[in-house]
Amino acid sequence: MINTFRSIDDLVKTLEREKVLLKAMFDKRKSSSFRYDYAQELTDYKEERIKHLIENGVIRESGNFLELEDIYLKFFEEVLQVNDEINVSYVQDYLSNLNENIDYYLKENNEQRKYGYLREVRRCLKQIALMTVRNVLDLKRKLDITYKTEPNYQVKLSKLERLDEKRKNIALLITKSEEVMDYQQPVFFKVAMDSQMQEVVNDVRLQLNDAYHNLLEIEKQIVHYLNLIAYQNRIFEKVRRLKYLRDQFLLTENTDIRQVIAGKNPVWMEPQSSYRIKLSIEQLQSNPENLSLIRKILSKRKDKLVVNTNLAAAIPDEYFSGDSIISDVINLQELYNAFSAPSTHLFRFVMNYDFRKTVEKTDRILFFC
């Protein structure tokens, strides 16, 4: 027998303590490969924590694997808005509950209980709008995923047709919800129309109106997808029939494939071929007509690059004169080579070195440094 949590504090405390395990199990909700030993690792190998979750109906054990219970799985999916199931029965249930509470409100004489029914009516209206918007978003997402990822044409066609049926059901529930607010319950919405109810009704009308317009776009997309599938299916059937005739060597006899191919000109689909002929340098240098031909070809090219180059001025003629300037400098490398030979003190060596010209004392100290 499955136990239940005694209080909200106990529930929240348990979910907080086991958040690592529950998050990992929720991430792998699409597969049944969450092993029991991996759950022990996430709970610090304290098996009583796993048993506590099983006993309170949070997870269930299936052999060597663990799974989230449906009630908590649906709770997490609804709160995080990641559920893939499009369930219009919830909206129908809220619609029935709405009419029931309106009837209770009109028959009740106690003001406190009437206010309780009024609050329930507001809650039902908000839930109808919320569930409708979620169903429309889920329908749009699942429609795209089905068409783009389903590899089987027949399965894809069946899924799209069922999604179209759910679209019709959502549109029908939107119409029924608007009818309740418009003319099915005129007495209630006249008597109980306070400021809060007016705000709720206006918000619900806007959300249902947006959802209905989104359903019209989804309908166009479904029709477009179905037409594409039908077209692809016709192409597939034709190709399969042609393959059968080819395998039976009846393709040219039973079809007009030769006449069809003869009337086609698919050469434009072929890439343009280009043949590069490299001229030799000797021929370019020996024949003066080649330069004029190259210039003529370059002038006809539309994609030629125009490069603006900054040309330097001509070199003056005086730079080409034969006059030379002699610079009288001390070769420090030769000074170092002369010092490396004897084992003399560096300062004494520099001060006594014969530079073959007059060198000031300050210059000798500079050379020493």
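Is L366 buried or exposed? L366 is exposed, with a relative accessible area of 57%; exposed means over 50% relative accessible area, buried under 20%, and partly exposed in between, with a 1.4 Å probe and protein chains only. This is a predicted model, in which local features need pLDDT of at least 70 and side-chain atom pairs count only at pLDDT 80 or more, while totals for chains, interfaces and linings use all residues. Residues are numbered from 1 along each chain as its sequence is written, and side-chain values use heavy atoms, leaving out hydrogens and water.

**Confidence**

- The protein has a mean pLDDT of 80, and 84% of its residues reach 70 or more; pLDDT is the predictor's confidence in each residue, from 0 to 100.
- Where pLDDT is low, the predicted coordinates should not be read in detail.

**Helix α6**

- Helices (H or I, at least four residues) and strands (E, at least two) are DSSP runs, numbered from the N terminus.
- The 19 residues of α6 (residues 89-107) should span 27 Å at 1.5 Å a residue, and the end C-alpha atoms are 27 Å apart, which agrees; the expected span is 1.5 Å times one less than the number of residues.
- Buried in α6 are V91, L95, L98, N101, I102 and Y105.
- Down the axis of α6 these buried residues fall within an arc of 130 degrees, so they line one face of the helix; the arc is that of the directions from the helix axis to the C-beta atoms.
- They pack against α7 (111-149), α8 (153-184) and α9 (186-191), where contact means heavy atoms within 4.5 Å.

**Helix α5**

- In helix α5 (residues 70-80), the buried residues are Y72, L73, F76 and E77.
- Seen down the axis of α5, they fall within an arc of 135 degrees and so line one face of the helix.
- I71 and V79, on the other side of α5, are exposed.
- The packing partners of the buried α5 residues are α1 (8-17), α2 (19-27) and β2 (65-68).

- Most residues other than glycine have a negative phi.
- D44, in the loop between α3 (36-42) and α4 (47-55), has a positive phi near 60 degrees and is exposed at 53% relative accessible area.
- F249, in the loop between α10 and α11 (251-254), also has a positive phi near 60 degrees and is exposed at 74%.
- L366 belongs to helix α17 (residues 361-368), and its C-alpha atom is separated by 9.8 Å from that of V350, 16 residues apart along the chain.
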